[in-house]
Amino acid sequence: MSFSYSPSFFQHFPKYHAPHLKPGQEHTDPLDTLKPQCLVHCSSWLSEYNQCVTRISMRTDGKGDCKGQFEELTMCQDHCIAHEIFGHMK
């Protein structure tokens, strides 16, 4: 069987380098910097969640959870991140 191209052509792809990054610079995820900032913004939900965790950990019967407080905290954090994340897109 003869190939119209060299079979070794597909074995030597150059490594992709994003055009907006300098050589040697790694891509950083903006979500890693936005999460702590937005957690400060949602401090009231964080304190409510932490209070729930301490209250549940003191119980001896093993009942109860903090799902509702955790969901409110993550919704607040997601809402904050959604407003900020698109400013980091190129």
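This is a predicted model: local features need pLDDT of at least 70, side-chain atom pairs count only at pLDDT 80 or more; totals for chains, interfaces and linings use all residues.
Residues are numbered from 1 along each chain as its sequence is written, and side-chain values use heavy atoms, with hydrogens and water left out.

**The overall layout**

The protein chain has three helices and zero strands, and its elements run α-α-α from the N terminus on. Helices here are DSSP runs of H or I with at least four residues, strands are runs of E with at least two, and both are numbered from the N terminus. Of the 90 residues in the protein chain, 16% are buried. On the accessibility scale, buried means under 20% relative accessible area, exposed means over 50%, and partly exposed is in between, using a 1.4 Å probe and protein chains only. Take the contacts with a separation of 6 or more: residues 24 or more positions apart account for 62% of them. A contact means heavy atoms within 4.5 Å.

**Helix 3, inside and out**

Helix 3 covers residues 67-85, and its 19 residues should span 27 Å at 1.5 Å a residue; the end C-alpha atoms are 26 Å apart, which agrees. That expected span is 1.5 Å times one less than the number of residues.

Which residues of helix 3 are buried? They are Q69, L73, C76, Q77, C80, I81 and I85. Looking down the axis of helix 3, these buried residues fall within an arc of 155 degrees, so they line one face of the helix. The arc is taken from the directions from the helix axis to the C-beta atoms.

Q77 is worth a stop. Q77 sits in helix 3 and is buried, with a relative accessible area of 13%. Its side chain reaches the backbone oxygen of K35 at 3.1 Å. Leaving aside residues up to four places away in sequence, Q77 touches K35, C38, L39 and C42.

**One aromatic pair**

The structure holds one aromatic pair. The rings of Y49 and F70 have centres 5.7 Å apart and planes at 55 degrees, so the pair is tilted. For Phe, Tyr and Trp (its six-membered ring), rings pair if their centres lie within 6.5 Å; planes under 30 degrees apart count as stacked, over 60 as edge-to-face, and the rest as tilted. The pair links distant parts of the chain, with Y49 in helix 2 and F70 in helix 3, 21 residues apart. Y49 is partly exposed at 22% relative accessibility, and F70 is partly exposed at 42%.

**Salt bridges**

Side chains of opposite charge can pair when their charged atoms come close. How many salt bridges does a search of the whole structure find? It finds two. The term means a side-chain nitrogen of Lys or Arg within 4 Å of a carboxyl oxygen of Asp or Glu.

| Salt bridge | N to O distance |
|---|---|
| R59 and D61 | 3.0 Å |
| K67 and D65 | 3.8 Å |

As for accessibility, D61 is partly exposed at 44% and R59 is partly exposed at 40%.

Note on methods. A polar contact is a pair of N or O atoms within 3.5 Å; within protein, one must be able to donate a hydrogen and the other to accept it, and residues adjacent in sequence count only if both atoms are side-chain atoms.
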